[in-house]
Amino acid sequence: MERLGTGIGWRPAIAEAVEAMAGIEWVEVVAENVCPGHLPDSLRRLRERGVAVVPHGVGLGLGGAERPDPVRLAALAERAEALGSPLVTEHIAFVRAGGERTASRGLEAGHLLPVPRTREGLAVLCENVRIAQDQLPVPLAVENIAALFSWPGEELTEGQFLYELADRTGVRLLIDVANLHTNHVNQGEDPAAALDALPLEALAYVHVAGGFERDGVWHDSHAHPVPEPVLAVLAELASRVRPPGVLLERDERFPSAAELEAEVAKIRRTVAVAGRDRVPVGAGARPGSAPASGAGVATGPVADEAARTRLALGQTALLSALVAGTPAPEGFDRGRLRVQSRMLTAKRGSVVASLAPELEQILGDTYRPRFLRYAAGRPLTGGYRGDALAFALHTLREEPPAERAVRRALRDWWIERSGRASLVGRPWARWARVARFALLGR
């Protein structure tokens with residue numbers, strides 16, 4: 001595997017800080033947030049300096065019941081080529097459910113949700129990974145996620161599940177040590193045991209991120225400094241294998257450039273110190289360890305359509321409980337599902353606010369409670385931009401602000417963003433606006 005070195009997640013809010021940061025050898029970008037034909041100038045300059053850029057996908061849903069969407073796969077491939085990337089990465093998760101296979105409406109989680117660690121779930125995931133590998137121009141690596149809950153009837157530990165996945169497909173692994181810590185706190189899974197089971201020779205790189213604990217639940221926030229327990233897991237991994245790359249993830253509440261640089265330096269030191277007594281890679285490799293490429297790998301059982309349908313029904317029932325208020329499926333921890341449901345709604349409101357900041361500016365402190373009321377029982381079925389428009393229209397119809405100026409500003413925003421701005425300045429615009437307001441019910 002190509003050595004990447006030490007890197008940081010590139011985000012527009014810290015673009016200047018990343019460019020000026022000493023010792024940054026590579027960066028990672030959220031694949032869905034970059035347009036191949038209009039790359040940010042900052043990324044162009046980094047590439048010109050020889051800094052590798054890796055697209056990190058969040059929307060493919062490789063752990064879902066359906067085969068990977070060819071359009072999404074093509075988009076990920078296009079970004080890898082536009083960025084000249086050495087590899088692309090995605091998550092071991094499902095992000096949507098429902099649809100034709102279950103004769104139900106399609107639902108979007110807006111978040112990464114855990115897949116069942118069963119033999120059947122593994123077979124579906126392996127086939128989906130192989131499909132993705134065949135369509136991508138560069139190697140694929142997949143990431144373990146942070147989970148607040150687990151599926152009933154699981155047959156494999158996290159380490160066993162990842163080992164089997166790599167062994168059957170030859171896929172590379174992106175190990176997030178913060179997620180291993182999260183699963184330790186939330187589900188009692190031992191990070192060292194997970195590392196014992198992993199084929200570390202399949203390691204592509206490592207994620208490190210911060211979070212916080214509240215009421216016995218660890219929240220993988222990517223908005224806090226990396227805590228010592230996460231660095232301890234990183235050290236444990238680095239004592240076993242030299243990671244080809246290590247990357248700091250930070251998505252919100254960005255600190256100063258100096259603080260970011262200090263955190264990257266701490267991560268680099270942790271890896272260096274832990275590696276002093278490291279056993280060379282391969283010295284203790286077990287028979288059957290995952291190969292370095294997809295060639296000649298064992299395939300294992302193939303998932304049939306009946307298995308995909310069973311998985312689809314289970315994922316749809318779970319996601320419906322999380323985002324549409326239906327009863328929790330049998331065997332799940334209902335308390336954890338309630339916490340996850342609140343987290344999904346809060347994240348949904350934050351994403352809408354980031355995509356349409358005018359809504360929060362117009363509604364002020366009432367935005368958050370209004371959005372939570374709107375989202376209750378109204379699952380995300382399309383993109384976030386459509387969600388923003390639907391929220392604005394719902395607010396105008398169902399609970400319009402008392403202040404006339406606020407109502408007017410919200411109406412104007414909705415008209416403009418929904419494609420009605422072309423009416424402005426035309427002779428019949430006023431009558432059309434009157435008619436449209438009448439349809440709004442106000």
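Student: What is the mean pLDDT of the chain?
Tutor: The mean is 89, and 90% of the residues reach 70 or more. pLDDT is the predictor's confidence in each residue, from 0 to 100. This is a predicted model, so local features need pLDDT of at least 70, side-chain atom pairs count only at 80 or more, and totals for chains, interfaces and linings use all residues. Residues are numbered from 1 along each chain as its sequence is written, and side-chain values use heavy atoms, leaving out hydrogens and water.

Student: Where does pLDDT stay under 50?
Tutor: Over residues 281-296. The model has 23 contacts there beyond four places in sequence. A contact means heavy atoms within 4.5 Å. Over residues 422-431 the pLDDT is also below 50. That stretch has 5 contacts beyond near neighbours in sequence.

Student: OK, new topic. How many helices and strands are there?
Tutor: The chain has 16 helices and 12 strands. Both are DSSP runs numbered from the N terminus: helices are H or I with at least four residues, strands are E with at least two.

Student: How much of the chain is buried?
Tutor: Buried residues make up 53% of the 442 residues. Buried means under 20% relative accessible area, exposed over 50%, and partly exposed in between, with a 1.4 Å probe and protein chains only.

Student: Which residues have the most contacts inside the largest nonpolar core?
Tutor: Ile8, Val27, Leu43, Leu140, Leu165, Val208 and Leu234, in a core of 71 residues. Helix H8 (residues 228-238) gives the most to this core, with 6 residues. Apart from it lies another core, of 23 residues, with Trp413 among them. A nonpolar core is a set of buried Ala, Val, Leu, Ile, Met, Phe, Trp, Tyr and Cys residues joined through side-chain atoms within 4.5 Å.

Student: What does Leu165 touch?
Tutor: Leaving aside neighbours within four places in sequence, its contacts include Leu122, Leu125, Cys126 and Val129. Those four residues are among the buried ones in H4.

Student: What do the buried residues of H4 pack against?
Tutor: Helix H3 (70-83), strand E7 (140-143), helix H5 (158-169) and helix H10 (305-323).

Student: Last one. Is Leu39 buried or exposed?
Tutor: Leu39 counts as buried because its relative accessibility is 7%. Leu39 is in the loop between strand E2 (26-30) and helix H2 (41-48).

Student: And which residues does Leu39 touch?
Tutor: Arg44, Arg47, Ala82 and Leu83, not counting residues up to four places away in sequence. Leu39 and Leu83 are 44 residues apart along the chain, with 8.5 Å between their C-alpha atoms.
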